[in-house]
Amino acid sequence: MGNRYLGFDRAGKNSGPLPAMFQKILVANRGEIALRVICACKELGISTVAVYSEADRNSLHVRFADEAVCIGPARSSESYLNIPQVISAAEITNVDAIHPGYGFLSENANFAKVCEASEITFIGPRPEIIEMMGEKDRARREIRTAGLPTIPGSDGVIENEEQLAKESARIGYPLILKASAGGGGRGMRVVRKQEELLAAFETARSEAQQAFGTPDVYAERFLERPRHIEFQVLGDQHGKVIHLGERECSIQRRHQKLVEESPSPVMDVKRRKDLGAKVVKALEKIGYTNAGTVEFLMDEDGTLYFIEMNTRIQVEHPVTELLTGVDLIKSQIRIAAGEKLDDATGEFQFSGHAIECRINAEDPDTFVPSAGRITTFQAPGGTGVRVDSAAYADAVIPPYYDSMIAKLIVKGRDRSEAIGRMKRALEMFVIEGIKTSIPLHRRIFADSEFAGGKFDTHFIERLLGTNGK
Amino acid sequence: MKRKKPSKSGSTSIDSPEVQQIEQLLRFMTEHNLEEFEYSRGDLRIRLRKPSATAMVSAPRVVAAPEIIVAGGLDSTGLSSNTVAGTANASSSASEARASDDLHLVKSPIVGTFYGSPSPGSEPFVKIGAYIEVGQTLCIVEAMKLMNEIESDASGEVIRVFVENGQPVEYGQPLFGIRPSRKK
């Protein structure tokens, strides 16, 4: 694909060694991330415009922005996901740039294109890159071509028994057969021995036929107990990409992350350096710009396989911020304005250990979302504790949006200090009026398997004694 | 729409002496149980009118929502182009809606820029006092370079225009106050 420093043209027009910073930014999001972006803008001396739905009139992002525009009713599709409304709000308030946060329009290539057509800077990668990474098969091919390992697989439909024998020999066991049109576990078969292969192939095909109307299946290596490890990256518009280390995100329930930490208990300096260098090289080849996260699954033998890339800021970005001291949101803004990475991030090094808990408004046992009015909101503080939240006492958590209401992040000199700090912070976090996942987090941090750092993505299932339901 | 910084164009801000005087007058009216009050000096004319007593009983918690008209001397009709909503607290459309009481509010369905006439310099679609029908075009809201004609969802007399030509409007912001026709 070669280097594509697209976006350079526009930044280059009014170029000089130090590009002009934005005067005003619209934050196209809600909740804690909208507030987080507003914080970064305030520190950079940039005016802010909040957009909000009718359900969020009394939200803190509306309160702390310099201007606020109501863009629609509670339903996301008519407000936060409504591109014409967001762009109109940007036009009437005359902003230079839009920060999309995470979720909503953040990985919508079309939105990034419309921003560009409206001469508003989209704070994120180029639309072409967002589009490519959004098509998961294509992303895997491009990333593999760029030099990162992906999970070995058949790369397409297995047509017959002959091909099946050939592919299975190449992939090795255990492997998983998946319906090409599939999802939700239908048409999936894990095969651990060659003797089971043929029967499993027939079953998977007939299940796929019944469920999706086509018998097409493909095969890939099955990871029994994988860990989820991801790399934070930043790329500028001058062709340079850096990584800011990894985050361990294996503590998850139904692919929803609950706890993230850095460094990973299983990553050492050499491996971080080697893999980090590969990630940087691959993304420079692709021409990646702004913040992004490269997600890997780690096999029990320590091999890492690329699974996907998120072309936005992540929920768990504060973990990396505490570890490196780099403000990732400010870096995003400065990179989007055309600054070079060295200026945008400054010098940094990795020190200590940081952990984040996602506090959700949900029943800690049944996981049913718990909307309503918060009566008490007492956030913990003290050395090494950070709380990112837009919640407050008397705030109403509406039922229309994501249930995450706060992020509790701690830093210690090492993992054991960080765990101790998180335990006491969880004890001192008081939210009343609605149910939260705080009791579940207390259980996780009291668990010996977690404390020992030897866990995988099935940890929560074992902790709850369920299949993650 | 919330704008923290004082707007340059608005001639009446919440802190202005006029508004403070009006608030004094409102207290005066309440003290003396007056339903209507008119005041003029030089080119300034203020008329305050409370809703009828029965309306007050039915909505006791609603702040008295008088119609306040600050008229300019050059305005021969006596009606002003500079109309301030009830309590002069225009920070949210909710309070504006309350202030307008029995009027039917035509609200903006989209975010954009308000235009009262089909083209610059031409006559406005509707004027205060005009009778309009359901489906009649009241104004244009420009969004993303598209001119969207906003039609009335009620028939009746146009009593209030809440926004000025060229003003940005947000979703749900009241544009017109219409006194619905009696007969359907």
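Gly112(B) sits in strand S6 of chain B, residues 112–115; strands here are DSSP runs of E of at least two residues, helices are runs of H or I of at least four, and both are numbered from the N terminus. This is a predicted model, in which local features need pLDDT of at least 70, side-chain atom pairs count only at pLDDT 80 or more, and totals for chains, interfaces and linings use all residues. Residues are numbered from 1 along each chain as its sequence is written, and chains are lettered from A and ligands numbered from 1 in the order in which they are written.

Is Gly112(B) buried or exposed? Gly112(B) is buried, because 26 other C-beta atoms lie within 10 Å. The cut-off for buried is 20 or more such atoms, exposed is 12 or fewer, and partly exposed is in between, with C-beta atoms placed from the backbone.

Contact means C-beta atoms, placed from the backbone, within 7 Å.

S8(B), residues 137–143, and S9(B), residues 146–151, pair antiparallel over six bridges; pairing requires at least two DSSP bridges. Cys139(B) is opposite Ile150(B). The two strands make a hairpin with two residues between them, and Met144(B) in the turn has a positive phi of about 50°.

Now the contact between the chains. Chain A contributes 16 residues and chain B 15 residues. On the chain A side, strand S3 (67–72) and helix H4 (83–93) each give two or more residues, and the largest share, seven residues, is from H4(A). That side divides into nine nonpolar, three polar and four charged residues. Here Ala, Val, Leu, Ile, Met, Phe, Trp, Tyr, Cys and Pro count as nonpolar, Asp, Glu, Lys and Arg as charged, and the others, Gly among them, as polar.

Next, the core. A nonpolar core is a set of buried Ala, Val, Leu, Ile, Met, Phe, Trp, Tyr and Cys residues joined through C-beta atoms within 7 Å. The largest has 140 residues, and those with the most contacts inside it are Leu26(A), Val27(A), Ala89(A), Ile98(A) and Leu175(B). Helix H2 of chain A, residues 31–44, gives the most, seven residues. Beyond four places in sequence, Ala89(A) is in contact with Leu26(A), Val49(A), Val51(A), Val69(A), Ile71(A) and Val111(B).

How values were computed. Contact = placed C-beta atoms within 7 Å.
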